[in-house]
Amino acid sequence: MARKFCVGGNWKMNGDKASITELCKTLCGATLDENVEIVLGCPFVYINFARDLLPCKFNVAGQNCYKVPKGAFTGEVSPAMLKDVGAGWVILGHSERRHVFGEPDELIAEKAAHALAEGLKVIACIGEKLEEREAGKTEAVVASQMAAYAKTIKDWTNVVVAYEPVWAIGTGKTATPQQAQEVHAYLRKWLAENISKEVSDSLRIQYGGSVTAANCKELAAQPDIDGFLVGGASLKPEFIDIINAKK
Ligand SMILES: O=C[C@H](O)COP(=O)(O)O
């Protein structure tokens, strides 16, 4: 079955009202591939603002959330709150949440299950560190991260997986199309063996890690790369070329 290409932009902790207005204006004025699902990961405090600037063909995502609807969790944001301010998606398990803020696999998986239960779609991030790749542990690491998600996610319909090798994030050192395809094919096999052939065939797997206008077409041509999760380049006009990578 054809998997709809899905391109996420993860603005991370960047932007202000002026720059977000500029970026949204650029995106609104662009000719974009109608066959691409676009998800913009916005800092919590600007989700409502960005939502109001964008037509509904653009989905807005939180970049994290907590695992319960409300309560004494100072500083946290719930999926219900994300929905209330116009986000339909949430990015979870990003490598910065894992390796900068120390989020364990189990917590990320609980967040994913709760976000899905609350009606959000989830971009579930995984990826290995450089030393894990160099030690030949890439498949073991991503399998373990997927197994954690599989303990709590029972319906994968509203899940997109983002494979983001940590060593390619923000480094300008992109995985080669062959390296990325190899891991994506492994993930497809893992899904078929551990979840179902149907989920394996239908689930989108994004690649993330220094995607640019220059490298996106070759990456997009890989059979098991169904989109991108883009950081730095999503804040620039070249994000339009990345959205149109399949054109
Ligand atoms: O979520 C996006 C990834 O962290 C990739 O970021 P990057 O495109 O700046 O390497």
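Contact here means heavy atoms within 4.5 Å.

Before going on, a word on what we are looking at. This is a predicted model, where local features need pLDDT of at least 70 and side-chain atom pairs count only at pLDDT 80 or more, while totals for chains, interfaces and linings use all residues. Residues are numbered from 1 along each chain as its sequence is written, and side-chain values use heavy atoms, with hydrogens and water left out.

Back to Arg204. You will find Arg204 in the loop between helix H9 (197-202) and strand E7 (205-207). Those labels are DSSP runs numbered from the N terminus: helices are H or I with at least four residues, and strands are E with at least two. Is Arg204 buried or exposed? Arg204 has a relative accessible area of 13%, so it counts as buried. The cut-offs are under 20% relative accessible area for buried, over 50% for exposed, and partly exposed in between, with a 1.4 Å probe and protein chains only. The side chain of Arg204 also makes a polar contact of 2.7 Å with the side chain of Glu37. A polar contact is a pair of N or O atoms within 3.5 Å; within protein, one must be able to donate a hydrogen and the other to accept it, and residues adjacent in sequence count only if both atoms are side-chain atoms.

Now let me zoom out to the whole chain. There are 11 helices and 8 strands. The C-alpha atoms fill a box of roughly 45 × 45 × 35 Å along the principal axes. The chain has 247 residues, so a compact globule would have a radius of gyration near 18 Å, and the 17 Å of the chain agrees with that. That radius is taken over C-alpha atoms, and the globule rule is 2.2 Å times the number of residues to the power 0.38. Of the 247 residues, 53% count as buried. Among contacts with a separation of 6 or more, 73% are between residues 24 or more positions apart. The accessible surface comes to about 11000 Å², and carbon and sulfur atoms hold 53% of that surface. Accessible areas come from the Shrake-Rupley method with a 1.4 Å probe; for residues, only the protein chains shown count as cover.

On to the ligand. Which residues come nearest? Of the 13 residues around the ligand, they are Lys12, His94, Gly170, Ser210 and Gly231. A residue is near if one of its heavy atoms lies within 4 Å. By class, this shell has 4 nonpolar, 7 polar and 2 charged residues. Ala, Val, Leu, Ile, Met, Phe, Trp, Tyr, Cys and Pro count as nonpolar, Asp, Glu, Lys and Arg as charged, and the others, Gly among them, as polar.

As for individual atoms, an N or O atom in the side chain of Asn10 is 3.0 Å from an oxygen atom of the ligand. Ser210 has a backbone N or O atom 2.8 Å from a ligand oxygen, and a backbone N or O atom of Gly231 is likewise 2.8 Å from a ligand oxygen. Taken alone, the ligand exposes 310 Å², and the protein buries 94% of that.

Two of these residues have a backbone feature to look at. Lys12, in the loop between strand E1 (5-10) and helix H1 (17-28), has a positive phi of about 55° although it is not a glycine. Ser210 has a positive phi too, near 60°. Most residues other than glycine have a negative phi. Ser210 sits in the loop between E7 and helix H10 (216-220), and at 17% relative accessibility it counts as buried.

Glu164 is in the loop between strand E6 (159-163) and helix H8 (177-194). Its relative accessible area is 5%, so Glu164 is buried. Not counting residues up to four places away in sequence, Glu164 touches His94, Cys125, Ile126, Gly127, Glu128, Ile169, Gly208 and Leu229.

Last stop, helix H4, where Ser95 is placed. Ser95 is buried, at 10% relative accessibility, and the residues it touches beyond four places in sequence are Val100, Val166 and Ile169. By contrast, Gly102 lies in the loop between helix H4 (95-99) and helix H5 (105-117), and at 54% relative accessibility Gly102 counts as exposed.
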